[in-house]
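User: I'm new to this one. Can you walk me through it?

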Amino acid sequence: MKAIVYTKYGPPDVLQLKEVEKPAPGGKEVLIRIHATTVTSADWRARSLAMPVGFGFIARLVLGVLRPRQSILGSELAGVIESVGEDVNKFKVGDQVFAFSGARMGCHAEYKCMPEDGAVVLKPANLTYDEAAAISLVEQQRWIFQKSKTSVRGKVLINGASGGVGTAAVQLARHFGANVTGVCSTANVELVRSLGANHVIDYTKEDFTENGEIYDIIVDTVGTAPFSRSGGSLKERGRLLLVLGGLPDILWMPWVSMTSSKKVIAGPAAERVEDLRFLAKLAEEGKFKPVIDRRYSFEQIAEAHSYVDTGRKKGNVVITLERRNKTETHAMSIFQGPNIFTQVF
Ligand SMILES: NC(=O)c1ccc[n+]([C@@H]2O[C@H](COP(=O)([O-])OP(=O)(O)OC[C@H]3O[C@@H](n4cnc5c(N)ncnc54)[C@H](OP(=O)(O)O)[C@@H]3O)[C@@H](O)[C@H]2O)c1
């Protein structure tokens with residue numbers, strides 16, 4: 001099968017399209033023929049080793065000290081089950097599914113084996129493969145919300161509301177009943193509003209930490225709102241969820257809990273199939289829709305990485321492995337988005 005392989009850390013040109021052995025499913029595994037996958041900020045970080053402050057060495061220990069241990073990136077996929085192991089009873093050949101392989105990655109390929117008990121879920125019929133592939137990573141955001149042990153109500157501010165995590169967080173926080181403020185740049189104000197945000201702050205014109213507003217929950221997906229900067233914008237007993245934070249911010253967490261009623265929450269997210277099912281159900285009911293910024297073909301994956309590297313994507317970047325005509329394959333404008341979202345809310 002074809003796969004995108006990298007054998008050393010570096011810029012997008014370390015990625016190579018190669019022929020590798022097609023996997024065969026074990027007894028409790030399904031083999032998925034991938035129709036769509038994504039390039040996420042996690043792929044960018046694993047490829048380039050661009051890590052938040054203090055995590056460089058830890059990342060090498062996890063990913064491979066001198067070279068990547070796992071040579072195929074990609075943690076999200078959508079596709080069709082092509083074959084199943086002899087002990088599989090939850091899925092059958094032909095099922096349309098989406099899946100999240102998490103830290104094991106390996107989705108930038110034509111095929112991927114997943115354990116039937118892993119994060120594999122039937123694809124909602126109303127989602128395309130492209131959209132379904134872009135669902136999973138946001139599961140992590142929901143998990144972080146859950147982990148906060150704070151019901152996601154009241155006033156929630158999402159810093160980086162136009163990114164992959166942010167666009168999902170805005171929709172989910174609205175679904176949970178919160179009054180949502182999204183923070184983004186001028187170009188993305190309309191997008192964030194179309195996702196259902198009650199208020200949008202353009203960070204090029206206003207600093208949310210200085211406008212006097214206070215929030216029950218602040219979610220930082222950018223790394224520009226550590227507790228030292230945003231703590232004053234939290235209510236008593238408020239929660240700061242660091243989707244992205246440096247090691248010093250993490251080490252600071254116990255001190256914040258000991259000296260105030262506020263709490264900083266951070267850490268890696270677990271893959272939970274029940275969360276994927278929850279998202280699939282929301283999508284089926286038209287209450288959640290992944291935002292797709294651009295689509296690229298499998299062969300254009302280095303271009304897709306270059307775009308993700310900018311840190312300015314809007315929602316998700318999808319890699320499609322299906323045969324499409326040229327106009328469909330070409331990058332799509334995000335401004336198809338608002339039409340979709342007015343159907344959602
Ligand atoms: N902990 C976890 O479980 C977890 C899970 C997934 C991802 N992550 C991490 O979370 C981070 C975000 O991921 P992502 O996929 O959402 O990234 P992304 O799609 O690249 O989005 C980044 C967003 O940040 C916005 N931004 C840039 N500067 C900003 C500023 N000063 N203030 C507010 N917004 C700003 C950009 O919007 P504008 O163009 O409008 O500036 C962009 O839309 C990544 O670094 C990733 O490593 C963590």
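Here is a short chat about the structure shown above.

User: What kind of model is this, and what does the chain average for pLDDT?

Analyst: This is a predicted model. The protein chain averages a pLDDT of 89. At least 70 is reached by 89% of the residues.

User: Where does pLDDT stay under 50?

Analyst: Over residues 324-345. The model has 40 contacts beyond four places in sequence for that stretch.

User: How many helices and strands does the chain have?

Analyst: There are 13 helices and 15 strands in the protein chain.

User: And how much of it counts as buried?

Analyst: Of the 345 residues, 53% count as buried. The accessible surface comes to about 15,400 Å². Carbon and sulfur atoms hold 53% of that surface.

User: What share of the contacts joins residues 24 or more positions apart?

Analyst: The share is 69%, taken over contacts with a separation of 6 or more.

User: Let's go inside. Which residues touch the most other members of the largest nonpolar core?

Analyst: Ile32 and Ile319 do, in a core of 33 residues.

User: Take Leu77, then. Is it buried or exposed?

Analyst: Leu77 is buried. Its relative accessible area is 0%, and buried means under 20%. Leu77 is found in strand 4.

User: How far is Leu77 from Ile34?

Analyst: Their C-alpha atoms are separated by 6.4 Å. Along the chain, the two are 43 residues apart. Ile34 is also one of the residues that Leu77 touches, along with others including Ala36, Phe98 and Cys107.

User: Now the surface. Which residues make the nonpolar patch?

Analyst: Phe57, Ile58, Leu61, Val62, Val65 and Leu66 make a nonpolar surface patch of about 620 Å². Ile58 lies in helix 2 (residues 56-63). With 38% relative accessibility, Ile58 counts as partly exposed.

User: Switching to charges. How many salt bridges does a search of the whole structure find?

Analyst: The search finds 15. In one of them, the side chains of Glu116 and Lys28 meet at 3.0 Å, N to O. That pair links distant parts of the chain, 88 residues apart. Glu116 sits in the loop between strand 6 (111-115) and strand 7 (120-122). Lys28 sits in the loop between strand 2 (16-19) and strand 3.

User: Are those two buried or exposed?

Analyst: Glu116 counts as buried, at 2% relative accessibility. Lys28 counts as partly exposed, at 40%.

User: What about Lys92 and Asp95?

Analyst: Their side chains meet in a salt bridge too, at 2.9 Å, N to O. Lys92 is exposed, with a relative accessible area of 54%. Asp95 counts as buried, at 11%.

User: And which residue does Lys155 pair with?

Analyst: Lys155 forms a salt bridge with Glu213. The closest N and O atoms are 2.6 Å apart. Lys155 lies in strand 8 and Glu213 in the loop between strand 10 and strand 11, so the pair ties together parts 58 residues apart in sequence. Lys155 is partly exposed, at 24% relative accessible area. Glu213 is partly exposed as well, at 38%.

User: Which residues are linked in a network of salt bridges?

Analyst: Lys281, Glu285 and Lys287 are.

User: Last one. Where is Gly177 found?

Analyst: Gly177 is in the loop between helix 5 (164-175) and strand 9 (179-184). Beyond four places away in sequence, Gly177 touches Val152 and Arg153. Gly177 and Val156 are 10.0 Å apart, C-alpha to C-alpha, and 21 residues apart in sequence.

Notes
Residues are numbered from 1 along each chain as its sequence is written. This is a predicted model: local features need pLDDT of at least 70, side-chain atom pairs count only at pLDDT 80 or more; totals for chains, interfaces and linings use all residues. Side-chain values use heavy atoms; hydrogens and water are left out. Patches are made of residues with over 30% relative accessible area and no salt bridge: like charges are joined within 9 Å, nonpolar side chains (Val, Leu, Ile, Met, Phe, Trp, Tyr) within 5 Å. Accessible areas come from the Shrake-Rupley method with a 1.4 Å probe; for residues, only the protein chains shown count as cover. A salt bridge is a side-chain nitrogen of Lys or Arg within 4 Å of a carboxyl oxygen of Asp or Glu. Helices (H or I, at least four residues) and strands (E, at least two) are DSSP runs, numbered from the N terminus. Buried means under 20% relative accessible area, exposed over 50%, partly exposed in between (1.4 Å probe, protein chains only). A nonpolar core is a set of buried Ala, Val, Leu, Ile, Met, Phe, Trp, Tyr and Cys residues joined through side-chain atoms within 4.5 Å. Contact means heavy atoms within 4.5 Å. pLDDT is the predictor's confidence in each residue, from 0 to 100.
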